[in-house]
Amino acid sequence: MTREECCAVVAEKDMPMTVYDMIVAMQEKYAGRPAFRWVDDATRTVQEKTYGQFVADIRRMTRYLQANVADVKGQRIVILSRTNYEYGVVTFGTVMAGAIIVTLNQKKTWPELEYELGLSEPASSLPTASTTAMRRAQGAYGDKLRPMNAYEGSAPAELANRIDTNALMMLMFTSGTTGRSKGVMLSEKNYFSAMRMYVAGQEAIMRKAQDLAPKDMNKPFSHFTLVPMFHLSGFICYFAYGIHAGP
């Protein structure tokens, strides 16, 4: 066995293969590492969250849903927002509560969103966008709307695994360019079946980083999501970062 093959075996053995295991690793192994950096719109200053802070907010979101959505396990929680830090918190908090994530594209027209919301039958919806379609959504679903940062006043919930690997975890709607939008049903098993390949690709890039980057950059290799979070590729990237504490 070559050195590269040995490292691959070790990486696969140690790699979390469930959302719960990944969140535990973020809390216990990577708590002090930076997880997010972004420029705040209001202050124009750089904000940072470590993996430990991220997990604490995930647990707050879990507690918020437990307290505010009746029989939350198996309920559909719609996310209608642009990509931001809170999107990540809401995503994992929803999963950890045993609920189902429904990701919608806030740039779609109201008839398109109305159709998808009707199929979703959401128990709660968390929006941030300020489009005409969103204002229509507020009129139709006002009693179910919550701000994306609604979790901030909650105490962290216990870290417990409430996820059925084979059960519905996410409902993701297609773009609708080839006909009426369709809801694609995804389980935790669907996602993690691709994680070995994705993480292996990232590790290959890390090994080549010195050759790919200019020698005078002197900066650590970082990851970032290019596509919106309601897109499948965006979520595959996002799920992979926490596995080995990529920023």
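## Helix α3 against helix α4

The axes of α3 and helix α4 (residues 85-96) come within 8 Å of each other and cross at roughly 55°, which makes α3 oblique to α4. Here axes are lines fitted to C-alpha atoms, for helices over the stretch in contact, with angles running from 0 to 180 degrees between N-to-C directions; angles under 35 degrees count as roughly parallel, over 145 as roughly antiparallel, 65 to 115 as roughly perpendicular, and the rest as oblique. The crossing of α3 and α4 is right-handed, where right-handed means that the near helix is turned clockwise from the far one by less than a right angle, and left-handed that it is turned anticlockwise.

On the α3 side, Gln 53, Phe 54, Asp 57, Ile 58, Met 61, Thr 62 and Leu 65 meet Tyr 85, Gly 88, Val 89, Val 90, Phe 92, Gly 93, Thr 94 and Met 96 of α4, contact meaning heavy atoms within 4.5 Å. By class, the contact of α3 with α4 has nine nonpolar, five polar and one charged residues; Ala, Val, Leu, Ile, Met, Phe, Trp, Tyr, Cys and Pro count as nonpolar, Asp, Glu, Lys and Arg as charged, and the others, Gly among them, as polar.

## Model and confidence

This is a predicted model, in which local features need pLDDT of at least 70 and side-chain atom pairs count only at pLDDT 80 or more, while totals for chains, interfaces and linings use all residues. Residues are numbered from 1 along each chain as its sequence is written, and side-chain values use heavy atoms, with hydrogens and water left out.

The mean pLDDT (the predictor's confidence in each residue, from 0 to 100) of the protein is 79, and 77% of its residues reach 70 or more. Confidence is highest in α3, at 95, and lowest in helix α1 (residues 3-14), at a mean of 43. Over residues 1-12 pLDDT stays under 50, and for this stretch the model has four contacts beyond four places in sequence. Where pLDDT is low, the predicted coordinates should not be read in detail.

## Overall make-up

The secondary structure of the protein comes to nine helices and seven strands; helices (H or I, at least four residues) and strands (E, at least two) are DSSP runs, numbered from the N terminus. Of the 247 residues, 42% count as buried, where buried means under 20% relative accessible area, exposed over 50%, and partly exposed in between (1.4 Å probe, protein chains only). Among contacts between residues at least 6 apart in sequence, 68% join residues at least 24 apart.

## Helix α2 and its neighbours

The buried residues of helix α2 (residues 19-28) are Val 19, Met 22, Ile 23, Val 24, Ala 25 and Met 26, and these pack against α3, α4, β6 (168-173), α7 (188-192) and α9 (232-241).

With α3, helix α2 packs at an angle of about 130°, the axes being 7 Å apart, and the two helices are therefore oblique to each other. The crossing of α2 and α3 is left-handed. The contact is made by Ile 23, Met 26 and Gln 27 of α2 and by Tyr 51, Gly 52, Phe 54, Val 55, Ile 58 and Arg 59 of α3, and its residues divide into six nonpolar, two polar and one charged.

## Helix α4 against helix α9

The axes of α4 and α9 are 12 Å apart, at an angle of about 80°, so α4 and α9 are roughly perpendicular to each other. In this pair, Tyr 87, Gly 88, Val 89, Thr 91 and Phe 92 of α4 meet Phe 235, Tyr 238 and Phe 239 of α9, a contact with six nonpolar, two polar and no charged residues.

Met 195 is found in helix α8 (residues 195-212) and is buried, with a relative accessible area of 0%.

## Individual residues

Asp 57 lies in helix α3 and, at 7% relative accessibility, counts as buried. Not counting residues up to four places away in sequence, Asp 57 touches Lys 49, Tyr 85, Val 89 and Tyr 151. Asp 57 and Ala 155 are 98 residues apart in sequence and 9.0 Å apart in space, C-alpha to C-alpha.

Arg 44 sits in the loop between β1 (34-39) and β2 (46-50) and is exposed, with a relative accessible area of 60%. Asp 71 is in the loop between α3 (51-68) and β3 (76-80) and, at 67% relative accessibility, counts as exposed.
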